Amino acid sequence: GTQATAAIARATISGAIAPGRFANLVYAPGAGLSFIFTDGTPGQAYRIQSAPALGAAGWTTVTNFTYTAPMVITDPVAGAGPARFYRAVTP
């Protein structure tokens, strides 16, 4: 985006990351982080995962779904601990 923040950052990482993107990221204390997952492949199963570090281990699943249209994802525990990274992967 065009604004710096200590709370939210986005990176595009090449590799085995599934198609799609995160948009409209919003953090609210007490409510957590919400964002829209969009531009996925229709009919494709996805897992949205989070981890405290970018590495092969430590990823936990926030939600599973089959993409049909942009979807709002909410992680109510975001902000209750260390910073988190998010990714979309296919099974």
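Contact here means that heavy atoms lie within 4.5 Å. The structure is a predicted model.

**Exercise 1.** Determine which residues Thr38 is in contact with, leaving aside its neighbours within four places in sequence, and whether Thr38 is buried or exposed.

*Solution.* Begin by locating Thr38, which belongs to strand S2 (residues 32-38). With the sequence neighbours set aside, the contacts of Thr38 are Gly20, Arg21, Ala23, Tyr67 and Pro70. Next, take the accessibility: buried means under 20% relative accessible area, and Thr38 counts as buried because its value is 11%. Finally, consider Val72, which is 34 residues apart from Thr38 along the chain, while the C-alpha atoms of the two are separated by 8.9 Å.

**Exercise 2.** Find the strands with which S3 (residues 45-51) pairs, and in which sense.

*Solution.* On one side of the search, S3 and strand S4 (residues 60-66) run antiparallel and are joined by six bridges, with Ala45 opposite Thr66. Strand S6 (residues 85-89) also pairs with S3 in the antiparallel sense, over five bridges, and here Ile48 stands opposite Ala88. As for covering, five of the seven residues of S3 are buried.

**Exercise 3.** Classify the ring pair formed by Phe22 and Phe35.

*Solution.* The whole structure holds eight aromatic pairs. In the pair of Phe22 and Phe35, the ring centres are 4.7 Å apart and the planes stand at 80°, so the pair is edge-to-face, given that planes over 60 degrees apart count as such. The pair links distant parts of the chain, since Phe22 lies in strand S1 (residues 21-28) and Phe35 in strand S2, 13 residues apart. Phe22 counts as buried because its relative accessibility is 15%, and Phe35 counts as buried because its value is 3%.

Technical notes:
Residues are numbered from 1 along each chain as its sequence is written. This is a predicted model: local features need pLDDT of at least 70, side-chain atom pairs count only at pLDDT 80 or more; totals for chains, interfaces and linings use all residues. Side-chain values use heavy atoms; hydrogens and water are left out. Buried means under 20% relative accessible area, exposed over 50%, partly exposed in between (1.4 Å probe, protein chains only). Helices (H or I, at least four residues) and strands (E, at least two) are DSSP runs, numbered from the N terminus. Two strands pair if DSSP finds at least two bridges between them. Rings of Phe, Tyr and Trp (its six-membered ring) pair if their centres lie within 6.5 Å; planes under 30 degrees apart count as stacked, over 60 as edge-to-face and the rest as tilted.
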